[in-house]
Amino acid sequence: MDRFQRLMYWLAWLGIMPFIITLSLSIRDQSLFDNTGEQLFIIYSVVISSFMAGSLWGQAVYSENQSRNIFKVLASNVIALSVFGGLMARLANHQMLVLLAISYLATLIIECVHTEPLADGRVKSYLSMRATVTLVVFILHCFLYASLKMT
């Protein structure tokens, strides 16, 4: 694994920390910067979901497959605008969590289905890491959802 790949892996795993911290705040019914843990979790999740959707656009720029490029660019916009729209529509926290969880799964599925393999195995390694990180993020969304439903 080269330096760039190690950096990507570290950043991906470190990116989970704000989810864990804000989930912890929510469970302990604490706030930070005048926002509840749930609000901070959702705000961070909207940012990360939009970033991940934007990565589809970035992938399309470097791909040779025209039909995959068009699909990735359109999907990127649909996902980012959906989570932004949910935020602007002031969906309830539990509704936003469902929308965000779906956005992560959709982004991962699109990446897995529409990413061309490279001979050196980097894409397979990256997608394996992405699947694991996405699963953890999805589970954290489920935990927060469950904690909201209990209160």
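The legends below describe close-up views of a predicted model. Local features need pLDDT of at least 70 and side-chain atom pairs count only at pLDDT 80 or more, whereas totals for chains, interfaces and linings use all residues. Residues are numbered from 1 along each chain as its sequence is written, and side-chain values use heavy atoms, with hydrogens and water left out.

View 1. The patch is formed by Phe 4, Leu 7, Trp 10, Leu 11, Leu 14, Met 17, Ile 20 and Ile 21, which together have about 850 Å² of accessible area (Shrake-Rupley method, 1.4 Å probe; for residues, only the protein chains shown count as cover). Patch residues have over 30% relative accessible area and no salt bridge; nonpolar side chains (Val, Leu, Ile, Met, Phe, Trp, Tyr) are joined within 5 Å, and like charges within 9 Å. Helices (H or I, at least four residues) and strands (E, at least two) are DSSP runs numbered from the N terminus. Leu 14 is found in α1 and, at 47% relative accessibility, counts as partly exposed; buried means under 20% relative accessible area, exposed over 50%, and partly exposed in between (1.4 Å probe, protein chains only).

**View 2. The largest pocket, with about 1100 Å³ of space.** Its lining comprises 33 residues, and Met 8, Ser 55, Gln 59, Glu 111 and Tyr 126 lie nearest the centre. Two or more lining residues come from each of α1, α3 (37-61), α5 (93-114) and α6 (122-150), with α6 giving the largest share, eight. By class, the lining has 18 nonpolar, nine polar and six charged residues. Ala, Val, Leu, Ile, Met, Phe, Trp, Tyr, Cys and Pro count as nonpolar, Asp, Glu, Lys and Arg as charged, and the others, Gly among them, as polar. On a 1 Å grid over the protein atoms alone, a pocket is an open set of points with protein on both sides within 12 Å along at least five of seven lines, and lining residues have an atom within 4 Å of a point. Grid points are joined across faces, edges and corners, and a volume is the space filled by probe spheres set on the points.

**View 3. The second largest pocket, with a volume of about 160 Å³.** Gln 39, Ile 42, Ile 43, Gly 86, Leu 87, Arg 90, Leu 91, Asn 93 and Met 96 form the lining. Five lining residues are nonpolar, three polar and one charged.

**View 4. The one salt bridge of the structure.** The side chains of Glu 111 and Arg 130 meet at 2.6 Å, N to O; a salt bridge is a side-chain nitrogen of Lys or Arg within 4 Å of a carboxyl oxygen of Asp or Glu. Glu 111 lies in helix α5 and Arg 130 in helix α6, so the pair ties together parts that are 19 residues apart in sequence. Glu 111 is buried at 0% relative accessibility, and Arg 130 is buried at 7%.

**View 5. Positive phi at Asp 29 and Asp 34.** Asp 29, although not a glycine, has a phi of about 55°. Asp 29 lies in the loop between α2 and β1 (31-32) and is exposed, at 71% relative accessibility. Asp 34, also not a glycine, has a phi of about 60°. Asp 34 lies in the loop between β1 and β2 (35-36) and is exposed, at 80% relative accessibility.

Technical notes
1 Å grid on protein atoms, 1.4 Å probe; cavity = no way out; pocket = protein on both sides within 12 Å on 5 of 7 lines; lining within 4 Å.
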